[in-house]
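Here are a few notes for a first look at this entry. Please read them with the structure open.

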Amino acid sequence: MSQLFYLKECSSTNDEISKFLLYENSDFVALHTFNQTRGRGQYGNTWLSAAEKNLAYTLAVKTENFSLSDFMFNYYTAITISDFLANLTENMVKIKWPNDIILKNKKIAGILIEKKKINQNNYFIIGMGLNILQEKFNEISNAGSLATQTGRYFELNELTCSLHDFLVEKLKEIPSENKILDRFNDNLFRKDQISVFELNGTRQNGIIKNADKNGEIWIDLENDGLKSFYHKEIKLLY
């Protein structure tokens, strides 16, 4: 059983979801809004979103129902969301490590997964910001939306319900960690392509080789050779 709640406006769906978990005894409890005022991204970043044009969505699931490591759970969630958007848009969708969603070289979605103990239960809190109808991105040059990247306009409520149902169903049947890792690497943005990276304030070329089960990414750099990195240790400049 799953529950999908709606707020006309809220600061952050990842923060507000805890209020709904106090009353519901469902394995899948979700909250969404089309007007999030203080969205959060990975590692303290902010997620800016235009009101009534984009989706802020959070799904809470009990950690006891999953045997995956935290990194594999993150990978599988990113795969599932990218699959949904690929089916929806009939386009190839990529994952920019560790969990940004890329459509035609623009970031259209970001995922933030946290672990929290709420009401004596431990949860994975899956938060996602998805740009749907927004057409102007003045402050973030690498951002886009479903509208800008496909020329199509999607009904917000219908898309949200479809996304929720898809994600819940996929979380009920988890593949092996090896399959998850293979799928994640198959969908990895700019894998095996020469890209520009920033490392310790210096730019250099490199090639993304793969992500591993420990949450690290392996990059073959022209100056430093093959090395692994955690998030924020190196920046992909495209």
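1. Two residues are in contact when they have heavy atoms within 4.5 Å. In this predicted model, 61% of the contacts with a separation of 6 or more are accounted for by residues 24 or more positions apart.

2. Confidence first. The mean pLDDT of the protein is 91, with 94% of its residues at 70 or more. Strand 4 (residues 46–47) has the lowest confidence, a mean of 51, while strand 6 has the highest, at 98.

3. On overall form, the protein has five helices and 14 strands. The radius of gyration is 18 Å, close to the 18 Å given by the globule rule for 238 residues, so the protein is as compact as a globular protein of that length. Its C-alpha trace spans about 55 × 40 × 30 Å along the principal axes.

4. How much of the protein counts as buried? Of the 238 residues, 50% do. The accessible surface comes to about 11,900 Å², and carbon and sulfur atoms hold 44% of that.

5. Seven strands make up an open sheet with mixed pairing, in the order 1-2-5-9-8-7-6. Strand 1 (2–6) and strand 6 (93–96) are the edge strands, each pairing on one side only. On average, neighbouring strands of this sheet are turned by 20° against each other, direction ignored.

6. Within this sheet, strand 2 (residues 28–33) and strand 5 (residues 54–62) run antiparallel and are joined by six bridges. Phe28 has Val61 of strand 5 as its bridge partner. Helix 4 (residues 156–172) packs on the sheet and touches strand 1, strand 2, strand 5 and strand 9 (121–131). The direction of helix 4 makes about 25° with that of strand 5.

Note on methods. Residues are numbered from 1 along each chain as its sequence is written. This is a predicted model: local features need pLDDT of at least 70, side-chain atom pairs count only at pLDDT 80 or more; totals for chains, interfaces and linings use all residues. Side-chain values use heavy atoms; hydrogens and water are left out. Two strands pair if DSSP finds at least two bridges between them. Helices (H or I, at least four residues) and strands (E, at least two) are DSSP runs, numbered from the N terminus. Axes are lines fitted to C-alpha atoms, for helices over the stretch in contact, and angles run from 0 to 180 degrees between N-to-C directions. pLDDT is the predictor's confidence in each residue, from 0 to 100. The radius of gyration is taken over C-alpha atoms; the globule rule is 2.2 Å times the number of residues to the power 0.38. Buried means under 20% relative accessible area, exposed over 50%, partly exposed in between (1.4 Å probe, protein chains only). Accessible areas come from the Shrake-Rupley method with a 1.4 Å probe; for residues, only the protein chains shown count as cover.
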